[in-house]
Amino acid sequence: MVDDDVQEFGEVLRSQKAPSKSRIRRLTDIALANPKKTYKQVVAIVCTHIRKSKPSAKLAGLCTIDAICRKSKAKYKTKDLYVARFSSDMLKCCDALASLPADKLAERDKVLKGWRDTNMFPA
């Protein structure tokens, strides 16, 4: 079952070319269904997607990270696994986001500003 969830997560993420509320909600639900067993694989899939996808599809990965981390932090509070795991890979992901098209930079900055304001990834 866990492998099926991880496989479905990867398929849904790869099929997403632009941020879609319904797909991001589906990805978040899959990621949080069994976080203790899937969080490492989910983080690896999202970070790999951001690094290797076309520039136009990278924003969807960033929005997926945002949704998973926000919901996980709200649901699990101090026992959250995703924020710490994404924190360790954040530099690699953010380097890949530098190649976003100019029309997507405002959306990227909005997400990053939200993280800064809520202290999502403490230094």
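**Exercise 1. The nonpolar core**

Task: Determine how many residues the largest nonpolar core of this predicted model has, and which of them make the most contacts inside it.

Solution. 
Step 1. The largest nonpolar core contains 32 residues.
Step 2. Within this core, the residues with the most contacts are F9, V46, I65, Y82, F86, W115 and F121.
Step 3. At least two core residues come from each of helix 1 (2-15), helix 2, helix 3 (35-52), helix 4, helix 5 and helix 6 (105-118).
Step 4. Helix 5 provides the largest share of the core, namely seven residues.

**Exercise 2. The surroundings of Y82**

Task: List the residues in contact with Y82, leaving aside its neighbours within four places in sequence.

Solution. 
Step 1. Y82 is among the residues with the most contacts inside the largest nonpolar core.
Step 2. With the neighbours within four places in sequence set aside, Y82 is in contact with A31, L32, P35, T38, Y39, V42, V43, I68, C69 and S72.

**Exercise 3. Confidence along the chain**

Solution. 
Step 1. The average pLDDT of the protein chain is 91, and 98% of the residues score at least 70.

**Exercise 4. Salt bridges**

Task: State how many salt bridges a search of the whole structure finds, then examine the partners of K71, R70 and D109.

Solution. 
Step 1. Five salt bridges are found in the whole structure. As background, side chains of opposite charge can pair when their charged atoms come close.
Step 2. K71 is bridged to D29, with 3.3 Å between the closest N and O atoms. This pair links distant parts of the chain, since K71 belongs to helix 4 (residues 58-76) and D29 to helix 2, 42 residues apart.
Step 3. K71 is partly exposed because its relative accessibility, 39%, falls between the limits of 20% and 50%. D29, with a relative accessible area of 35%, is likewise partly exposed.
Step 4. R70 is bridged to D66, the closest N and O atoms lying 2.8 Å apart. Both residues are in helix 4, separated by four residues, about one turn of the helix.
Step 5. R70 has a relative accessibility of 36% and is therefore partly exposed, whereas D66, at 13%, counts as buried.
Step 6. D109 is bridged to R108 with a closest N and O separation of 3.0 Å. The relative accessible area of D109 is 38%, so this residue is partly exposed; that of R108 is 17%, so R108 is buried.

Notes
Residues are numbered from 1 along each chain as its sequence is written. This is a predicted model: local features need pLDDT of at least 70, side-chain atom pairs count only at pLDDT 80 or more; totals for chains, interfaces and linings use all residues. Side-chain values use heavy atoms; hydrogens and water are left out. pLDDT is the predictor's confidence in each residue, from 0 to 100. A salt bridge is a side-chain nitrogen of Lys or Arg within 4 Å of a carboxyl oxygen of Asp or Glu. Buried means under 20% relative accessible area, exposed over 50%, partly exposed in between (1.4 Å probe, protein chains only). A nonpolar core is a set of buried Ala, Val, Leu, Ile, Met, Phe, Trp, Tyr and Cys residues joined through side-chain atoms within 4.5 Å. Contact means heavy atoms within 4.5 Å.
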